[in-house]
Every structure is written in structure tokens, then in C-alpha cells.
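Reader: I would like a close look at one single part of this model. Please take me through it step by step.

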Amino acid sequence: SPMQLTTQQHLVLAGGGHTHVHVLKSLAMRIEPALRLTVVSPYSYATYSGMVPGVLGGQYRLREAQIDVRALAARAGAEFLADRVVRIDPRQRVLHLHDRPPLSYDLLSLDVGSQPSAADRVADGAPVSMVKPIEVAAVEIEEALTQPLPVEGRQVVVVGAGAGGCEIAFALAARLRVDGKGSVTVCDRTDRPVATRHARTSNTVLRAFQAHGIRFLGEVVVVRADTFGVRLADGRVLPASLVVWATGAAGPELLARSGLPVDERGFLRVGDDLRCAEFPEIFAAGDCATLESHPQLPKAGVFAVRQGPVLAANLRAVARGRRTRRFRPQREFLALLNTADGRAILSRGGLALRSRLAWRLKDYIDRRFIRLYERPPLADREKMARPMIACGGCAAKIGADVLSRVLARLDLPRTEGVIIGLQEPDDAAVFAHPPGTLAVATTDAFPPFSDDLYLVGQVAANNAASDLYAMGAEGAVAVAFVCLPHDDSIAEQQLEHFLRGALAQLRHLDIPLVGGHTIAGEQTIVGFSMHGWVAPDAILRKSGARVGDALVLTKALGTGVILAAARMGFADADWVEAVYASMLRSNHAAMRLLQRHGVRACTDVTGFGLAGHLSEMLRAGGVGAQVHGDALPALPGALELLAAGWRSSFHAANARAVAPAALAAASALRDLCFDPQTSGGLLAAVPAEEVNALRADCAAAGEDLFVIGAFVEGAEWELRTSAT
């Protein structure tokens with residue numbers, strides 16, 4: 001009988017493999033109200049293994065062979081955690097992650113792939129690239145191929161003659177033909193390549209190897225790969241400047257480490273419903289699982305793809321307490337091996353042929369598969385109409401037991417200068433600051449831009465500290481403010497994730513957390529009160545800019561529009577990752593560099609956007625400004641989204657606050673000025689004669705600096721672009 005579960009079960013998808021990609025697509029097309037969904041994956045993109053040889057052979061760009069899992073998760077309403085599961089506690093139903101606090105689940109689905117077997121035969125420092133995880137392998141092999149060419153040419157050895165190893169050998173041989181010299185050798189313990197398929201396929205591969213100058217060594221045992229090359233059991237050494245380790249698959253260590261029922265090769269044993277019998281709330285698919293009814297089923301992507309509809313249906317069924325479906329693998333499947341010369345080998349049963357038509361068929365099938373998971377065009381406006389959550393009043397505090405449990409799990413070091421803090425909580429914190437300095441205080445809070453509250457905690461700490469740095473101040477202490485849902489079971493996990501993320505960033509900023517206030521409410525709001533100190537002669541103000549000063553900015557713009565699109569699954573993962581990296585970069589070093597070069601006025605660019613914060617500087621200083629639109633730095637994707645009509649929710653209010661006459665004609669660059677920023681950069685007036693030295697110092701320190709205009713006579717500002 002099906003396991004009966006209550007509504008809104010928390011489903012965690014661990015891994016972003018081919019099967020989970022289909023599950024996300026299914027849940028994006030039809031939201032499942034019985035499930036709350038989280039995706040945990042260290043990779044924002046799922047790399048389609050069938051196209052990787054084409055990438056290495058120069059037939060595709062890497063992005064053409066990848067599916068944007070982060071965007072797909074957003075369209076499915078899922079929280080995406082860029083992290084890796086290091087251990088599963090199946091009895092407590094808890095995942096232990098590499099960076100974040102533990103994550104509880106009601107249902108767990110694993111699609112974490114496999115690892116190459118016999119990896120213990122690879123010595124440290126050997127020029128070896130493991131084919132799994134494929135996301136890493138594709139980048140590593142490409143980097144190896146761009147290294148300076150050895151005098152004798154590149155000597156490549158591929159260990160493993162399965163379909164994947166053979167395809168990679170063909171791709172690398174094609175690349176070496178461009179170099180003009182080099183060699184590719186494929187070795188395997190079997191007597192023929194692709195030994196799991198019919199002998200006709202093996203013979204066709206061997207003829208193609210011969211045509212491309214690829215040497216095949218069969219019935220050999222590799223005992224070691226080291227800096228000299230690949231050592232065989234018969235004493236031979238195959239010299240190699242690059243070894244591709246494409247051996248058979250073994251189960252990921254995560255499974256055995258977690259005490260899950262695995263077979264002799266380390267794969268999780270599951271039934272025909274893709275479910276673990278011992279722990280029926282755990283599902284697994286793709287390469288990490290073995291069907292108990294078909295233990296010899298090859299680890300081929302075709303099965304992972306075909307498991308997708310069954311897994312999606314069964315996760316919905318279990319959440320609703322209904323019967324599950326069975327997965328029945330087909331007995332034979334079509335294989336198409338790319339020979340990287342405009343042809344492919346078609347293999348099915350006893351049929352094997354190599355032709356250009358087979359390549360066109362493979363290319364069509366692979367591209368169609370990737371297209372299934374592409375995001376809709378940016379201009380697909382009906383997807384933008386998700387309703388805003390109305391702010392609600394705060395009804396009660398979060399339970400004291402919840403708060404005490406979370407605080408007990410946090411590592412809170414004692415800090416010099418903090419007299420009363422979280423180690424001995426009182427009605428208020430007490431701290432000291434250096435003699436002769438002035439106290440500086442600020443507060444900042446916002447609704448989370450992501451469901452990943454660990455990340456939100458990091459950014460919130462950085463964002464609040466930025467107000468201190470914009471004043472030229474050093475941070476002294478932080479006090480947290482957190483409003484979370486009424487449900488204590490959810491609030492406890494969210495509070496811990498937020499505080500752990502915040503503490504990680506605060507340690508980086510050298511600012512201790514000394515207290516906070518938690519309440520329960522309808523909408524999640526997080527933030528900090530920040531307290532610091534500044535020497536009286538070091539205070540930075542918005543006023544002080546002089547005519548002729550350079551207008552400089554320390555971070556690119558566009559966080560608001562990209563975050564808005566990311567919540568809807570319309571922002572490429574590359575764009576989102578660039579936004580997160582920008583928001584996590586502290587303004588402290590930039591502030592110090594500005595002070596070294598005589599900064600006259602400073603503010604940070606946050607919710608009012610560049611236009612709003614620059615207007616404040618001009619009013620305070622009684623000057624005007626010319627902004628060079630072509631010099632405005634935009635985060636990747638920001639201008640594309642603005643041109644397609646995407647806007648952050650506060651964009652319109654920012655635009656209304658600035659006189660239209662001050663701006664050039666409508667353009668994405670103009671709209672960039674209104675985009676509200678989270679944890680944006682510093683905007684400053686710097687003496688013109690200091691700009692070159694400041695630029696050099698910023699470059700040496702790895703800090704961004706953009707000269708976007710100059711201060712002029714007048715009381716308002718003008719945006720100039722090449723078109724105006």
C-alpha cells in the first residue's frame with residue numbers, strides 16, 4: 001500500500017542529472033501543490049554527456065550542451081541551493097551539506113551520477129582528467145588542450161573503451177589533427193571497444209580508429225597513472241601529456257558513507273518504482289541507482305532520460321498517497337557514436353554503420369533534447385505576472401525554544417571589545433570602540449531575493465555593512481532582525497540558515513554578531529542594524545563633490561532586474577551567479593582605496609538605483625553631473641532583460657523620482673540608472689588628478705573601478721550616450 005503523507009511534503013532533489021531535469025520540467029509545467037521543492041546541486045548547469053565529445057571536438061560550444069538547472073528550478077517554484085550533499089541521515093531524514101546547515105526532507109530523490117571506477121590507481125599530480133563529473137571534465141580537458149604544445153606533440157591516453165571513452169578519443173584525435181602532431185591511444189581490459197554492444201559495432205569503431213590514427217590496446221590492465229604516463233600490468237608505460245580516465249562507473253561514495261543499501265559496485269538499490277525498499281521516502285535514478293530487477297543494466301544516458309517521466313509521476317503519487325508506476329527499461333536501444341569528422345556510428349542490435357546521415361540524426365536528437373529544457377524567450381511577458389506578496393503585520397515572536405536551539409548550534413566566538421553579547425544575552429549588547437572616534441549606526445532590511453536563506457544572510461550582512469563603509473567607518477558590531485513564518489518547524493531551519501550565512505560573511509568582514517530580534521509574521525523580512533566607528537576627520541559624506549571631480553563607481557549595475565527575472569526562471573545561471581558574486585563582494589577595500597586617493601564625497605548605490613543616489617549627492621553638494629552612458633558597467637544579462645521589458649518591482653518608483661529632462665531618450669542604459677541595487681557599489685567624487693593612480697591601485701588589489709562621468713556646474717545631471 002502507498003505510504004500516506006500529509007500535504008506540502010518537502011521534496012529535495014539532490015543532483016541535477018538528466019532524470020531530475022525532466023522532473024523539474026514536469027513540475028514547472030504543472031505545479032504540484034502537495035510538494036515544497038528544493039534542489040541541491042553544486043552545478044547551475046547540467047551538462048548533457050552525449051554532446052560533450054562534440055564540445056571537445058569543436059562542433060559545439062559548451063553552453064549549447066548544457067541545461068540551465070537553476071532557471072528550470074525557479075520556473076518549477078523550487079529553492080535552488082548551490083551546494084553538495086556530503087552525507088545523508090536516512091533515519092532522521094536530514095541531508096548534511098558541504099557549506100550550508102543540515103537540510104531536512106520528507107521525500108528525497110537522488111540523481112547524483114557515478115564516479116569512475118579504479119580511481120585509486122591515479123597518482124597525485126598525474127595529468128589525469130576524470131570523465132565524471134562531466135561538468136568538471138569538459139572544462140579540464142579543454143584547458144589541457146590549450147596548454148603550450150609539447151615538442152613531440154600531445155600524447156593522449158584514454159583509459160576505458162566504452163562508448164564515452166571512444167567518442168572522446170575521436171574528438172581528441174580531431175583536435176590533434178589541428179595541431180598537426182600528437183597521438184591518441186585507447187586501452188581497455190576487454191579485447192574490443194564498446195564490448196557491451198554487438199561485435200559489428202566494435203569492428204566499425206576499430207575501422208574508424210584506424211582511419212583517424214587512433215591506437216587501440218585491448219586485454220591490458222592499467223595499474224597506475226602518474227606523471228610519466230599510464231603503466232600497464234605487463235610492464236609497458238604509455239607516455240601521456242593528458243590521460244582521460246573513462247573507466248566503468250562506480251557508485252558515489254556518498255551512498256555507502258550514508259549507510260544506504262548499495263550493491264557490490266556502490267550503487268543504491270531501488271525497485272522498479274525507483275524507490276529504496278529500506279527507506280521508501282528515498283528515490284534514486286540515473287547512474288547512481290541500480291534496478292534490483294535489472295542489475296546489469298548499462299549506465300547509459302538513455303535510461304536516465306526515460307526514467308524521468310516515471311520518477312516525476314511517482315514523486316507526485318507518493319506526495320498524494322497514491323500508487324506508483326513501474327519503470328521498464330527497453331531491451332535494446334539505439335546508440336549513436338560521434339566520430340568527430342562529420343559522421344557517426346549508428347548501432348542497434350546487430351546493425352552498425354558509419355555515415356554522415358547518422359551524424360545528422362545524432363545532432364538533431366541531441367539538440368532537440370536540449371531545446372526541451374530551454375527557458376522561454378525573455379519577451380514572453382505573461383510569465384512575469386506573478387503576484388506580489390503583501391506585507392503583513394507581525395503577530396508574535398518566534399518561540400524561545402526555537403531561538404535557543406539555533407543559537408546553541410552556532411559557533412559564536414568571543415570578540416575583543418564586546419562586553420555583553422550573544423554568549424551572555426541581556427536586554428542590549430554592550431561594546432567599546434577606539435578612543436577619540438565617533439559612533440556610526442545604520443539599519444537595513446529587505447524581503448529575501450532568494451529562497452536560499454544562507455545566501456540571503458551573507459548578502460544581507462554585506463549590504464548593511466556597506467552603509468558603514470560609505471561613511472568611511474569601520475564595523476564594530478551587528479544586530480540581526482528576522483521576521484519569519486509562524487510555522488516553527490520551517491522557521492527554525494530558515495533562521496539557522498540565515499544566521500549561519502550571515503555569520504560566515506560577518507567573520508569575513510570582522511564584525512561580530514552581538515544580538516538580534518526575531519518575530520513571526522506573514523512575510524519573511526531579514527536585515528541588520530550595524531554599528532561602527534570613524535575618526536572625526538575620516539567621515540565621508542554625500543556632500544563635498546567639486547566641479548571637475550571624476551564620478552566613479554565600484555560595482556556594475558543590474559542586480560534588481562536580474563533578481564526579478566531569476567525568481568521567474570528567466571535569467572541564465574551565468575547571470576545569476578555573477579549577481580551573487582557582486583553582492584557578496586565587500587565595499588570595505590574599495591572604501592580604503594578611495595580614502596587613499598582623496599575621495600571628496602561618497603554614498604553606496606542601493607534601492608534608489610544610480611539615478612536616485614546620484615541625485616542625493618548632487619543636492620547635498622550643490623553641483624551637477626554628466627554621466628557617460630557608454631561607460632556605465634552592467635552585470636551580464638542586465639541590458640538584455642531591460643531591453644526585453646523586464647523590471648524590478650521598485651524600478652517605476654525610482655524612475656518617477658527623477659526629472660525626465662535629465663535623461664537621454666528611452667534606452668536600456670537609461671533604465672539601468674533606475675534599477676534598484678542590492679549590496680551595490682560605492683559612488684564617489686574623486687579629484688580628477690587622482691583617477692589614474694586610483695585605477696592602478698584598484699587593479700593591483702583586484703577591485704573594480706568604473707569612471708562613469710564628471711561633476712559639472714549646475715544642480716542636476718545628464719545622461720549622455722553615443723546616440724545623443
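Author: Start at a cap. Serine 355 caps the N-terminal end of helix H9, with a side-chain oxygen 3.5 Å from the backbone nitrogen of leucine 357. Helices here are DSSP runs of H or I with at least four residues, strands are runs of E with at least two, and both are numbered from the N terminus. This is a predicted model, where local features need pLDDT of at least 70, side-chain atom pairs count only at pLDDT 80 or more, and totals for chains, interfaces and linings use all residues. Residues are numbered from 1 along each chain as its sequence is written, and side-chain values use heavy atoms, with hydrogens and water left out.

Next, the sides. Ala358, Trp359, Lys362, Asp363, Asp366, Phe369 and Ile370 of H9 are buried, meaning under 20% relative accessible area with a 1.4 Å probe and protein chains only. They cover an arc of only 135 degrees around the axis, judged by the directions from the helix axis to the C-beta atoms, so they sit on the same side of H9. An α-helix has 3.6 residues a turn, so residues three or four places apart point the same way.

The face turned away from that buried side carries Leu357 and Arg360, both exposed (over 50%; partly exposed is in between).

What does the buried side meet? The buried residues of H9 pack against helix H5 (163-179), helix H8 (301-319) and strands E4 (66-68), E23 (335-338), E24 (344-348) and E25 (351-355). Contact means heavy atoms within 4.5 Å.

Methods. A polar contact is a pair of N or O atoms within 3.5 Å; within protein, one must be able to donate a hydrogen and the other to accept it, and residues adjacent in sequence count only if both atoms are side-chain atoms.
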